[in-house]
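Subject: the structure I promised you

Hi,

Here is the structure we talked about. Have a look at it first, and then read on for my notes.

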Amino acid sequence: MKLYHVRLLIPKIRLAMSRSLTTGTFQNTQPLNYRGGKRVQPIDSVGQEQAYEPSTGRVIATFDCSGEKEVNEAIQSAKTAFKEWSQKSGMERGRILLEAARIIRERAEDLATIETINNGKSISEAKIDIEISWMTLEYYAGLAGSMAGQHVQLPGGSFAYTRREPLGVCAGIGAWNYPFQIACWKAGPALACGNAMVYKPSPFTAITVVLLAEIFAEAGVPTGLFNVVQGGAATGEFLCKNPGVAKVSFTGSVPTGSKIMEMAAKGIKPVTLELGGKSPLIIFPDSDLENAVNGAMMANFLTQGQVCCNGTRVFVHRDILDKFTDSVVSKVKKIKIGDPLLDDTRMGPLINQLHRERVLGFLKTAREQGAKVLTGGEPYTPEDPKLKGGFYISPCVLANVRDDMTCVKEEIFGPVMSILPFDTEEEVLERANNSSYGLAGGVFTKVWSGKRTSGHRVLLAAQDGLRGDGESGDCLLDVDVFPYQSAFSNTVAMARRPPHDDISCNQRSSFKSRLKIKTLQQNTCNFFTYLR
């Protein structure tokens, strides 16, 4: 078994970590709130939460959920820091974010280890998450100095101009599937634009975001600029409703996103939502079969299937259906499940027992509705004795499924692939778009040029955002992404909404949404009018 040596990450701050962490050894003993430049216990609370090590089922942290007073203190602390931070130039802010990125890059293995312990994903995936995290901060550091307004010449020698100004204190509410990375996705653009942030991670993954707060402090942000409050729904409600919060950014489920939008609307606050998905993956008969199979594997079993933009509705042309299905099932059976801290493990546990039961419930319903389980879909117990209490499930492939089945319509958020045959391009486009979700989509085909441009036609006609050529597999860091996003439950017949999304670390749109435009007009009497 490989040992991961974890040093004290922040000078003069003692962390509750062993210097050689293995699965089943970590135990947090320190406060998990971060306010005013240090770890603190909340001054009031609304109950307690427990964080688990998913691979063993052990409780690794018990903490108080922040009450209304604690949330308000965190916001006031952030307001004080905002006054200093917002007056720095974009270049100054960018240098500090670059330093934070450097620290994350230097300590990537340490951070990935803790992320794996608290989340359950394989260490190989966690390392990629941490890499994307520092790349995110570097990206927004580069944009920090690019903020500019407009100058408009008016008659008679008068003129008007606009300024891009930070909003103030932004609230970030993160999800448990990418705890550290999502925090960087939200903090990067907010801080680069001159805002402060109070961040609430999921109570299931409360550990690593505090490390990010400490890294920001070491990098040189003003004390209180990035604070962390722990808790569940009540804490999030205090955060959203507080009049000191200027914007809310949330990643999570559709029902919770709908509630957050409603709360933000009462305060006339802008909101950014990255919600659920049931994304289509379309495999045309001319595609490279091995490449398509590998793409489908990644689009369904990455992070144990707990990814909102996963391509869980796999539409396969009937001409290649049998070959594709046989190849997928063969590969799925070979996925190594086990200790996520081992380099050769490819699938770890689900986040907790309640979620495992939820996924198994979806599979039970699928069987009752006539779906055929080709492999997996059962509770799994690894051979290692210390993993017997873990929340494991074997990866599952479903066949004989229909578009109206629950397993095809609803987001399962687990390692479950549904394979659906199709015959024509027109047919598959209609079926792919027949969803109340609209987060992502993918196409596998070799036809991209000349008279036959079916690949481009499909991408343009697909009503989702993260579109891409599965044949190339490219992932571009600096491409604007505008996914459509459903903010309503599947049970409500609503069309897709316009983009409300900061899913990607590569969006200039995410950057701009952290700014307000102020219009100023100067006439011949040097009188200024400020319009929000």
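To start you off: is Arg402 buried, partly exposed or exposed? Arg402 is partly exposed, at a relative accessible area of 43%. For that scale, buried means under 20% relative accessible area, exposed means over 50%, and partly exposed is in between, using a 1.4 Å probe and protein chains only.

Before the rest, some housekeeping. This is a predicted model, so to speak of a local feature I needed pLDDT of at least 70, and side-chain atom pairs count only at pLDDT 80 or more, while totals for chains, interfaces and linings use all residues. Residues are numbered from 1 along each chain as its sequence is written, and side-chain values use heavy atoms, with hydrogens and water left out.

The overall picture

The chain has 15 helices and 21 strands; these are DSSP runs numbered from the N terminus, with helices being H or I of at least four residues and strands E of at least two. Of its 532 residues, 57% count as buried. The accessible surface is about 21,900 Å², and carbon and sulfur atoms own 53% of that (Shrake-Rupley method, 1.4 Å probe; for residues, only the protein chains shown count as cover). Among contacts (heavy atoms within 4.5 Å) with a separation of 6 or more, 74% join residues 24 or more positions apart.

The cores

In soluble globular proteins, nonpolar side chains tend to be buried together. A nonpolar core here is a set of buried Ala, Val, Leu, Ile, Met, Phe, Trp, Tyr and Cys residues joined through side-chain atoms within 4.5 Å. The largest one has 86 residues, and Ile104, Leu191, Phe216, Phe226 and Ile260 touch the most other members. Another core, of 25 residues, lies apart from it and includes Met297, Ile335, Ile337 and Phe444. Leaving out residues up to four places away in sequence, Leu191 touches Trp85, Arg93, Leu97, Met197, Phe216 and Leu225.

Rings

I get 7 aromatic pairs, where rings of Phe, Tyr and Trp (its six-membered ring) pair if their centres lie within 6.5 Å; planes under 30 degrees apart are stacked, over 60 edge-to-face, and the rest tilted. Phe284 and Phe422 have ring centres 5.7 Å apart and planes at 85°, so they are edge-to-face. Phe284 sits in the loop between β14 (280-283) and α9 (289-301) and Phe422 in strand β18 (residues 416-422), so this pair ties together parts 138 residues apart in sequence. Both are buried: Phe284 at 8% and Phe422 at 0%. Elsewhere, ring pairs link Tyr199, Phe216 and Phe226 into a cluster.

Charges

Two charges sit over rings, by the rule that NZ of Lys or CZ of Arg is within 6 Å of the ring centre and within 35 degrees of the ring normal: Arg105 over Trp134 at 4.8 Å, and Lys121 over Tyr178 at 3.6 Å.

There are 20 salt bridges, each a side-chain nitrogen of Lys or Arg within 4 Å of a carboxyl oxygen of Asp or Glu. Arg402 from the opening question pairs with Asp404 at 3.1 Å. Lys364 and Glu368, both exposed, come to 2.6 Å; they are 4 residues apart in helix α11 (residues 353-368), about one helical turn. Arg431 and Glu427 meet at 2.7 Å, also 4 residues apart, in helix α13 (residues 425-432). Here Arg431 is buried at 17%, while Glu427 is partly exposed at 23%. Finally, Glu99, Arg102, Glu106, Arg107 and Glu218 form a salt-bridge network.

Cheers
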